[in-house]
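Have a look at the sequence and the fold below.

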Amino acid sequence: MKKQLAIELLESGLNLDSFFNISINHSTVRLIGDFNTEVLEQLLSLGFNRAYILYDDTRVDMIEYKKANIEIVLSI
């Protein structure tokens, strides 16, 4: 499964230089990066949707996005 997740990440079209942490576990790829408008525009153009996986909607300093098995946390 990890190989499939790595392939999904590579095929996602994400600029991986935008993230300071990338982890692949048994079911998801999680990326963490600093929030900026360029990264946000990239995520939205690639079809990522706002998610509430680790943090609820009251947190404004940690914003999450998800598409398929890729989860992204942007820190403000």
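Here is a short tour of what can be read from the atoms.

## Before we start

This is a predicted model, where local features need pLDDT of at least 70, side-chain atom pairs count only at pLDDT 80 or more, and totals for chains, interfaces and linings use all residues. Residues are numbered from 1 along each chain as its sequence is written, and side-chain values use heavy atoms, with hydrogens and water left out.

## The sheet

Start with the open sheet: five strands in the order S1-S2-S5-S4-S3, with mixed pairing. S1 and strand S3 (49-51) are the edge strands, each pairing on one side only. On average, neighbouring strands are turned by 25° against each other, direction ignored. Helix H1 packs on this sheet and touches S1, S2, S4 and S5, and its direction makes about 145° with that of S1.

Some terms: helices (H or I, at least four residues) and strands (E, at least two) are DSSP runs, numbered from the N terminus. Two strands pair if DSSP finds at least two bridges between them. Contact means heavy atoms within 4.5 Å. Axes are lines fitted to C-alpha atoms, for helices over the stretch in contact, and angles run from 0 to 180 degrees between N-to-C directions.

## Strand S5 and its neighbours

Strand S2 (residues 29-34) pairs with S5 in the parallel sense over six bridges, and Asp34 has Ser75 as its bridge partner there. Strand S4 (residues 62-67) runs antiparallel to S5, also joined by six bridges; here Lys67 stands opposite Ile70. S4 also meets S3, antiparallel, through three bridges, with Asn49 opposite Lys66.

Is S5 enclosed or open? Five of the six residues of S5 (residues 70-75) are buried, so the strand is largely enclosed by the rest of the structure. Buried means under 20% relative accessible area, exposed over 50%, and partly exposed in between (1.4 Å probe, protein chains only).

## The turn at Ala68

S4 and S5 form a hairpin with two residues between the strands. Ala68 sits in that loop and is exposed, with a relative accessible area of 52%. Its phi is positive, about 55°, although Ala68 is not a glycine. Most residues other than glycine have a negative phi.

## A buried serine

Ser12 is in the loop between helix H1 (2-11) and strand S1 (21-24). Ser12 counts as buried because its relative accessibility is 13%. Not counting residues up to four places away in sequence, Ser12 touches Leu46 and Ile70. A polar atom of the Ser12 side chain lies 2.7 Å from the backbone oxygen of Leu9.

Technical notes:
A polar contact is a pair of N or O atoms within 3.5 Å; within protein, one must be able to donate a hydrogen and the other to accept it, and residues adjacent in sequence count only if both atoms are side-chain atoms.
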